[in-house]
Amino acid sequence: MNRSTPNISAEKIRRTSGFQGGIREKEELRKHTSFRIGGPADLFIIPENGNDLIELLKSLTEENVPYLILGGGSNLLVSDRGVRGVVIQVGPGLSDFKFRRDSLVSESGVRFSRLARSAAERGLSGLEFAAGIPGTVGGAVVMNAGCGGGDISQVVTRVRTFKPGSGIKDWTKKDCQFKYRSSRFRGTGEIVLEVEFKLSPGSPPEIKERMEKILAPRKQTLPLKYPNAGSIFKNPPGDYAGRLIEAAGLKGERIGGAQISKKHANIIINRSTASSKDVEQLITLAQKKVREIFSINLDLEVEIWK
Ligand SMILES: Cc1cc2nc3c(=O)[nH]c(=O)nc-3n(C[C@H](O)[C@H](O)[C@H](O)COP(=O)(O)OP(=O)(O)OC[C@H]3O[C@@H](n4cnc5c(N)ncnc54)[C@H](O)[C@@H]3O)c2cc1C
């Protein structure tokens, strides 16, 4: 990301793209991340709908203005210095979904857990794993979010994206290149607009019961009292990042306002007013110790904006 403030203003954006949505200057990103960490974005933009988003993206690209896409902010560590350029929040403006027999088409700004609950009420099974996953449908596709043996790749049939210069594209599940906590949309500049799911009919009470079975242990094992961003590291093949960090003696380790959770060692919590530096130092410490003791490199699951 270009660190210098680009020459762009709310007024210019409205003039060049006919933008309808909300534009805020110097918006603190901590208000929009589950970690409650992150400094200001020069411009924080909330498109009103898909077309608004597309016209905005075209215009920012023409003007050479750097931008980042924010979903629910639940997998992000944002620097205290914030972000130079534009942050686009894909959320409230793209929040429609429609059921069609056993399929479901959702815009990318819909809360993933809300979608899972609506499918359950409708008697459609397949999204039970998503009930406790924060964030949006778009973020879940990008990250191939999953839990308890299920992940979004198992139920996606089509993803619609937009990328300036390439236009709107539909991707089949195979094209999406889903991998463990990753997809082709991670870092390729394609913005997820819409996702189609194939679900199977079931009885609502049974679907809800399965959901509760997945949710219940999470309430015991996740440090839900404190702001966090879920798992910091991906699990290395055949092992668990949390087990390795705990075995390295780092459970409960604290730097400034950040702490490696005593409940779950692969989660860092913001105990009070943790800075992004505090969290980054804990990340570096965990990676160093685990490498020294087990010769294993821990790769980040969380994304860092700095
Ligand atoms: C308490 C807690 C529990 C969690 N549990 C789980 C879990 O069980 N399983 C799991 O997989 N994850 C879990 N997570 C992590 C996180 O919720 C998921 O990764 C989630 O899918 C991220 O979605 P988001 O909308 O918040 O994405 P963000 O954090 O906003 O963004 C993540 C990435 O996706 C990109 N992005 C977001 N929306 C779009 C879009 N429309 N188009 C293109 N790019 C986009 C962003 O630019 C960024 O690169 C947890 C997090 C928390 C805080």
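Visitor: Why is D102 called partly exposed in this predicted model?
Guide: D102 has 27% relative accessibility. Buried means under 20% and exposed over 50%. D102 therefore counts as partly exposed.

Visitor: What makes D102 and K198 a salt bridge?
Guide: Their closest N and O atoms are 3.0 Å apart. The cut-off is within 4 Å, so the pair qualifies. D102 sits in the loop between strand 6 and strand 7, and K198 in strand 13, so the bridge ties together parts 96 residues apart in sequence.

Visitor: How do you know that R160 and D170 form a salt bridge?
Guide: The N to O distance is 2.9 Å, and the rule asks for within 4 Å. R160 is in strand 11 and D170 in strand 12, ten residues apart.

Visitor: Why are K288 and E292 said to be about one helical turn apart?
Guide: Both lie in helix 7, and they are four residues apart, which means a separation of about one helical turn.

Visitor: Why is E292 called exposed, but K288 partly exposed?
Guide: The line for exposed is over 50%. E292 has a relative accessible area of 53%, so E292 is exposed. K288 has 46%, so K288 is partly exposed.

Visitor: What makes K262 exposed?
Guide: K262 has 62% relative accessibility. Exposed means over 50%, so the label follows. K262 is in the loop between strand 16 and strand 17. A positive surface patch includes K262, along with K225, R254, K263 and R271.

How values were computed. Residues numbered from 1 in each chain as written. Predicted model: local features only at pLDDT ≥ 70, side-chain atom pairs only at ≥ 80, totals over all residues. Heavy atoms only, no water. Patch = residues over 30% accessible without salt bridge, like charges linked within 9 Å, V, L, I, M, F, W, Y side chains within 5 Å. Areas by Shrake-Rupley, 256 points an atom, 1.4 Å probe, with all protein chains shown as cover. Salt bridge = Lys/Arg side-chain N within 4 Å of Asp/Glu carboxyl O. Lys, Arg positive; Asp, Glu negative; His and termini not counted. Charge placed at Lys NZ, Arg CZ, Asp CG, Glu CD. Helix = DSSP H or I, 4+ residues; strand = E, 2+ residues; numbered from the N terminus. Buried < 20%, exposed > 50% of the residue type's maximum accessible area, 1.4 Å probe, protein only.
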